[in-house]
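Please have the sequence and the structure open while reading.

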Amino acid sequence: MRLEGRVAIVTGAGQGIGRQTAMTFAREGAQVVVADIISESGTKVAAEINAAGGKAVFTSVDVTKEESVNDAVKQVVAQFGRIDILVNNAGVLRDARLVKMSDADFDFVINVNMKGVFHFTRAVAPIMIEQGSGVILNASSVVALYGNFGQSSYVASKSGIIGMTKVWARELGPKGIRVNAVAPGFIQTAMLAAVPEKVLAMMRQKTPLRRLDSPQDIASAYLFLASDEASTSRPKWHKRSCLQSFSLMRPLERFGHRPIEIFHEGQHFVP
Ligand SMILES: NC(=O)c1ccc[n+]([C@@H]2O[C@H](COP(=O)([O-])OP(=O)(O)OC[C@H]3O[C@@H](n4cnc5c(N)ncnc54)[C@H](O)[C@@H]3O)[C@@H](O)[C@H]2O)c1
């Protein structure tokens with residue numbers, strides 16, 4: 001098992017990519033902390049993991065609130081004594097064209113997607129620094145690299161995540177902490193519920209495999225980055241700080257590249 005004995009917090013793990021990541025980490029032996037603002041779905045995910053023989057607890061948290069995040073992190077340390085992996089996955093969408101986007105919607109998206117990542121990483125970093133080890137993985141998006149119609153707030157937040165990832169890779173790397181961002185393409189989750197079918201069809205056409213990816217595709221990328229496999233080769237921080245979506249990278253697998261080489265292709269897309 002690739003994460004045996006590790007303690008992992010996954011934010012926004014009540015559904016979608018976060019849920020799949022929590023389940024994947026638990027299957028690989030991690031003690032998982034399912035952290036979400038919605039207690040009902042978070043509790044259910046933790047129960048599913050435990051029923052399948054894994055180890056999980058639910059922690060109620062609102063990533064936009066500093067106190068809520070600090071309390072959650074203190075609780076985890078009190079219960080498990082350490083934090084090995086943090087996946088900053090919680091995220092929201094409030095799309096509208098520039099001229100129609102309200103301050104309230106803009107601030108809401110920035111607060112959850114960007115400030116939430118800042119809150120959690122700031123709370124967890126001192127613990128990892130003291131341990132001399134840790135992995136921090138941040139959910140960005142391909143739209144941070146290309147832009148996307150109607151997504152001023154979302155693209156700003158996901159671009160900010162790439163920037164913060166590069167800063168933290170520099171600040172925390174020397175302390176034994178790996179920091180990476182994953183930039184998924186369009187993934188089939190509830191987040192896409194509001195996206196019109198014709199836009200989804202267009203996105204499918206743009207990917208080499210002509211399909212949207214699944215939450216497991218991204219969970220597998222997080223698993224790789226969280227595991228020791230990702231630390232055996234040590235390319236410079238900027239080559240690993242942002243990974244391109246599997247939806248674009250997967251065709252390369254067919255030509256026999258190993259995952260690390262597939263990820264390295266991503267560096268061409270780092271802004
Ligand atoms: N689905 C996609 O196509 C896609 C593409 C690129 C990036 N992403 C990113 O991946 C991440 C997960 O996406 P998803 O599609 O699984 O989303 P989702 O909407 O299915 O799940 C998001 C989870 O975050 C939780 N959450 C929201 N606000 C929160 C808060 N304030 N505090 C704590 N938890 C909160 C929700 O309750 C939910 O469980 C997001 O950051 C998203 O931006 C998704």
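## Helix H2 and its buried side

Which residues of H2 are buried? In this predicted model, the buried residues of H2 are Gly-42, Val-45, Ala-46 and Ile-49. They cover an arc of only 95° around the axis, which places them on the same side of H2. On the other side of the helix, Glu-40 and Ala-51 are exposed.

The buried residues of H2 pack against helix H1 (16-27), as well as against strand E2 (31-36) and strand E3 (55-60). Helix H2 itself runs over residues 39-51, and its 13 residues should span 18 Å at 1.5 Å a residue, which agrees with the 18 Å between its end C-alpha atoms. After H2 comes Gly-53, whose phi is positive, near 95°.

How many of the twelve residues of H1 are buried? The helix is mostly covered, with eleven of its twelve residues buried, and among them are Ile-17, Arg-19, Gln-20, Met-23 and Phe-25. The buried residues of H1 pack against strand E1 (7-11), E2, H2, E3, strand E4 (85-88) and helix H8 (215-226).

From its first C-alpha to its last, H1 reaches 17 Å, which is close to the 16 Å expected for its twelve residues at 1.5 Å a residue. The residue that follows H1 in this description is Gly-29, whose phi is positive, near 95°.

## The crossing of H3 and H4

Two packed helices are described by the distance between their axes and by the angle between those axes. For helix H3 (residues 66-80) and helix H4 (residues 103-131), the axes come within 9 Å and cross at roughly 35°, and H3 passes H4 in a right-handed crossing.

On the H3 side, the contact is made by Glu-66, Val-69, Asn-70, Val-73 and Val-77, while H4 contributes His-119, Phe-120, Ala-123, Val-124 and Ile-127. The residues of this contact divide into seven nonpolar, two polar and one charged.

## The chain as a whole

These helices belong to a chain that has twelve helices and seven strands. Of its 271 residues, 44% count as buried.

Among the contacts in the chain with a separation of 6 or more, 71% are accounted for by residues 24 or more positions apart.

Definitions and conventions
Residues numbered from 1 in each chain as written. Predicted model: local features only at pLDDT ≥ 70, side-chain atom pairs only at ≥ 80, totals over all residues. Helix = DSSP H or I, 4+ residues; strand = E, 2+ residues; numbered from the N terminus. Expected span 1.5 Å × (residues − 1). Buried ≥ 20, exposed ≤ 12 C-beta atoms within 10 Å, placed from the backbone. Arc of directions from axis to C-beta. Contact = placed C-beta atoms within 7 Å. Axes fitted to C-alpha atoms, helices over the stretch in contact; angles between N-to-C directions. Left-handed = near helix turned anticlockwise from the far one by under 90°. Nonpolar A, V, L, I, M, F, W, Y, C, P; charged D, E, K, R; others polar.
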